[in-house]
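I opened this one to see how the fold is put together and which side chains talk to each other. My notes are below, in the order I looked things up.

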Amino acid sequence: DRDTGFTALRYDSARSSYLAVSRRDGSIWRIDRELRNARRMGRLLVPQANDCGARSAAVLRQLRELGA
């Protein structure tokens, strides 16, 4: 098992899964509803920002664009 921290986690009811953003490298993951399997979807396209609020808003905006 490997533990990964996420900066954002959002449930996608249309696909019955979660979308998550890795804290370490900004990779985007789709995690099944049972939290047993995850698939890497790509990398976050949000620039690094010193303002946590601005970065969080950008992360949520990109997750919405992915359908979550």
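These entries go from the overall layout to single residues.

**Entry 1: what I am looking at.** I am working from a predicted model, not an experimental one. Reading along the sequence, I get β-β-β-β-α. Of the 68 residues, 32% are buried. I also checked the contacts between residues at least 6 apart in sequence, and 18% of them join residues at least 24 apart. The accessible surface is about 5000 Å², with 46% of that on carbon and sulfur atoms.

**Entry 2: the sheet.** In what order do the strands sit in the sheet? I find E1-E2-E3-E4, an open sheet of four strands with antiparallel pairing. E1 and E4 are the edge strands with a single partner each, so one side of each has no neighbour in the sheet. On average, neighbouring strands are turned by 25° against each other, ignoring direction.

I then went through two of the pairings. E1 covers residues 6–12 and E2 covers residues 17–22, and the two pair antiparallel over six bridges. Within that pairing I noted Phe6 opposite Ser22 of E2. E3 and E4 are antiparallel too, over five bridges. There, Arg30 has Arg39 in E4 as its bridge partner.

Entry 3: Most residues other than glycine have a negative phi, so I looked for exceptions. Ser16 is one of those I noted: its phi is positive, about 50°, and it is not a glycine. Ser16 sits in the loop between E1 and E2, a hairpin with four residues between the strands. Its relative accessible area is 32%, so I log Ser16 as partly exposed.

Leu35 is another non-glycine residue with a positive phi, near 60°. I located Leu35 in the loop between E3 (27–32) and E4 (38–43). Buried or exposed, at 59% relative accessibility for Leu35? Leu35 counts as exposed, because 59% is over the 50% cut-off.

**Entry 4: aromatics.** I searched for aromatic pairs and found one. It joins Tyr11 and Tyr18, with 4.9 Å centre to centre and 65° between the planes, which makes it edge-to-face. Tyr11 is partly exposed at 36% relative accessibility. Tyr18 is partly exposed as well, at 23%.

**Entry 5: salt bridges.** How many salt bridges are there? I count three.

I began with Asp12, which is buried at 2% relative accessibility. Asp12 meets Arg15 in a salt bridge at 2.9 Å, N to O. Arg15 is partly exposed, with a relative accessible area of 47%. Asp12 also forms a salt bridge with Arg30, where the closest N and O atoms are 3.2 Å apart. Asp12 belongs to E1 and Arg30 to E3, so this pair ties together parts 18 residues apart in sequence. Both Asp12 and Arg30 are buried.

The remaining entry on my list is Glu34 with Arg33, closest N and O atoms 3.6 Å apart. Glu34 is partly exposed at 45% relative accessibility, and Arg33 is partly exposed at 48%. Shared partners join Asp12, Arg15 and Arg30 into one salt-bridge network.

Conventions:
Residues are numbered from 1 along each chain as its sequence is written. This is a predicted model: local features need pLDDT of at least 70, side-chain atom pairs count only at pLDDT 80 or more; totals for chains, interfaces and linings use all residues. Side-chain values use heavy atoms; hydrogens and water are left out. Two strands pair if DSSP finds at least two bridges between them. Rings of Phe, Tyr and Trp (its six-membered ring) pair if their centres lie within 6.5 Å; planes under 30 degrees apart count as stacked, over 60 as edge-to-face and the rest as tilted. Buried means under 20% relative accessible area, exposed over 50%, partly exposed in between (1.4 Å probe, protein chains only). Axes are lines fitted to C-alpha atoms, for helices over the stretch in contact, and angles run from 0 to 180 degrees between N-to-C directions. Contact means heavy atoms within 4.5 Å. Accessible areas come from the Shrake-Rupley method with a 1.4 Å probe; for residues, only the protein chains shown count as cover. A salt bridge is a side-chain nitrogen of Lys or Arg within 4 Å of a carboxyl oxygen of Asp or Glu.
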